[in-house]
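Take a look at the model below. The report that follows starts with the whole chain and then moves to single residues.

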Amino acid sequence: MNPTETSELGPNERQALFDRDAGIEGVRGDVRDIIDRVREEGDVAVREFCREFDDVEVGNIDITDDAERAYEEIDDDVREAIEDAADNIRAFHESQVPEDWRADFDGRELGRRFRPIERVGVYAPGGTAAYPSSALMGVIPAKVAGVEQVAVATPPGEPQNDITLAAIHAAGADKVYRVGGAQAIAAMAYGTEQIDRVQKVVGPGNKWVTAAKAEVQGDVAIDFLAGPSELLVLADGTANPAFVASDVVAQAEHDENASSVVVTDDAEFAEAVCEEIEKQASEREREDVIRAALDNDASGVFVARSMSEGLLFAEEYAAEHLSIQADDDEELLDRIDSAGSVFLGSYTPVAAGDYASGTNHVLPTTGLAKITGGLSVDTFLRSTTVQRLDEDALDSLSTTITTLAESEGLDAHAESVRKRFEE
């Protein structure tokens, strides 16, 4: 990996960086077929797809009891780490719970109240790595919001990952299902013999999971369509190259489609970061995955002509994870609007947010941070407005209401106001 001047990026290179997508178009047809089969055949199709895609014979799809047993049987130090992370995640999300309110607006009593969705499905990924942390991130905010039934689907394994199951139980899930991929999304969206239908599906996954969420959207609600994980580090010459490189390598460890980007205004620092990346990558167990991710077109170390130009780059990129390692990090943060989660300073690695600081790691990718935020308590709430008008308040609005209603040709609307003032 060698530094590249941002001013030298061509149109194709810029497109690879800034027009990232979730990579789902190539699989949508196959995913649609999977969904149709699950809707028609239920658990029979679910088991067949587990056998075909995961090479696992699934008997009982509902493994809620297995999750409780796994929690009791895992090593004490792992259980304590899960509980510590869960406590921090729970505390942060409890601070997000909104209160119902009403206020007086010149005689109009107006307000807003919040109620949880009743049934939610959380996807906890498996695949090249198991992610018990994603179970915590999906289930805990839902339970904090007051969701009555939170179900988790996680891919089957031989054996099933006990740490993931333990995390699901610790988070407070009500149901746990042994099914992954597009078939899991379909089963939660439409229900099967063993899997209860939900009203909203959340959680990250591969392109098959994401494509399935795109297909079922409308029949159920979803959080957003997430693509491969991504990081942008905005750093100046005061940052520690080894720290920056460690974050880049950690991000690349996810999978070969992950994106790791560094932007700096210091060419010498950029060279030092590249040297550190090369050194650290060779020391990691998943070196092949890391190098594949670092070689993809959406990764790189870039030198901007100034930090202001670097900021513009970061804002256009709209990263899932934005790390700011610079002397004036707070000033730089004030100028950033688009990022899923921001990590300030040299001692705030992205891994802290991935696991245990308390913030949520289910975040928008592929530039979606320009229009939405990550998973939160709000994700699992519905808001309802409330109003009460007395006679004087309605009288003060009557001319406005009737004039607008009649301008729209809705005479009955206008009459519903006039009727209240007839002698």
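## Surface and charge

The accessible surface of the chain comes to about 20,000 Å². Carbon and sulfur atoms hold 43% of that surface. Areas come from the Shrake-Rupley method with a 1.4 Å probe, and for residues only the protein chains shown count as cover.

This is a predicted model: local features need pLDDT of at least 70, side-chain atom pairs count only at pLDDT 80 or more, and totals for chains, interfaces and linings use all residues. Residues are numbered from 1 along each chain as its sequence is written, and side-chain values use heavy atoms, with hydrogens and water left out.

The chain carries 36 positive and 88 negative side chains. Lys and Arg count as positive, Asp and Glu as negative; His and the chain ends are not counted. The centres of the two sets lie 8 Å apart, with each charge placed at NZ of Lys, CZ of Arg, CG of Asp or CD of Glu.

## Overall build

The C-alpha trace spans about 85 × 60 × 45 Å along its principal axes. The chain has 17 helices and 14 strands. These are DSSP runs numbered from the N terminus: helices are H or I with at least four residues, strands are E with at least two.

Of the 423 residues, 48% are buried. Buried means under 20% relative accessible area, exposed means over 50%, and partly exposed lies in between (1.4 Å probe, protein chains only). Take contacts between residues at least 6 apart in sequence: 74% join residues at least 24 apart. A contact means heavy atoms within 4.5 Å.

In what order do the 6 strands of the open sheet stand? The order is 1-11-10-9-12-13, and the pairing is parallel. Strand 1 (4-5) and strand 13 (341-344) stand at the edges with a single partner strand each, so one side of each has no neighbour in the sheet. Two strands pair if DSSP finds at least two bridges between them.

Strand 10 (residues 259-264) and strand 11 (residues 300-303) are joined by 4 bridges. Thr 264 stands opposite Val 303 in strand 11. Val 303 is also among the residues touched by Thr 6. Thr 6 sits in the loop between strand 1 and helix 1 (11-18) and is buried, at 9% relative accessible area.

## Around strand 5

Strand 5 (residues 149-154) is mostly covered, with 5 of its 6 residues buried. Strand 4 (residues 119-123) pairs with strand 5 in the parallel sense over 5 bridges. There, Val 120 has Val 150 as its bridge partner. Strand 6 (residues 175-178) also pairs with strand 5 in the parallel sense, over 4 bridges. Val 152 stands opposite Val 176 in strand 6.

Pro 159 lies in the loop between strand 5 and helix 7 (162-171). The peptide bond from Glu 158 to Pro 159 is cis, with omega near 0 degrees.

## Residues to find

Gln 183 lies in helix 8 (residues 181-190) and is buried, at 2% relative accessible area. Its side chain reaches the backbone oxygen of Gly 180 at 3.0 Å. Residues that Gln 183 touches include Ile 34, Phe 49 and Asp 54.

Most residues other than glycine have a negative phi. Asp 55 has a positive phi, near 55 degrees, and Ala 318 has one near 50 degrees. Is each buried or exposed? Asp 55 is exposed, at 68% relative accessible area. Ala 318 is buried, at 0%.

Note on methods. Polar contact = N/O pair within 3.5 Å; in protein donor to acceptor, adjacent residues only side chain to side chain. Lists of a residue's contacts leave out its neighbours within four places in sequence.
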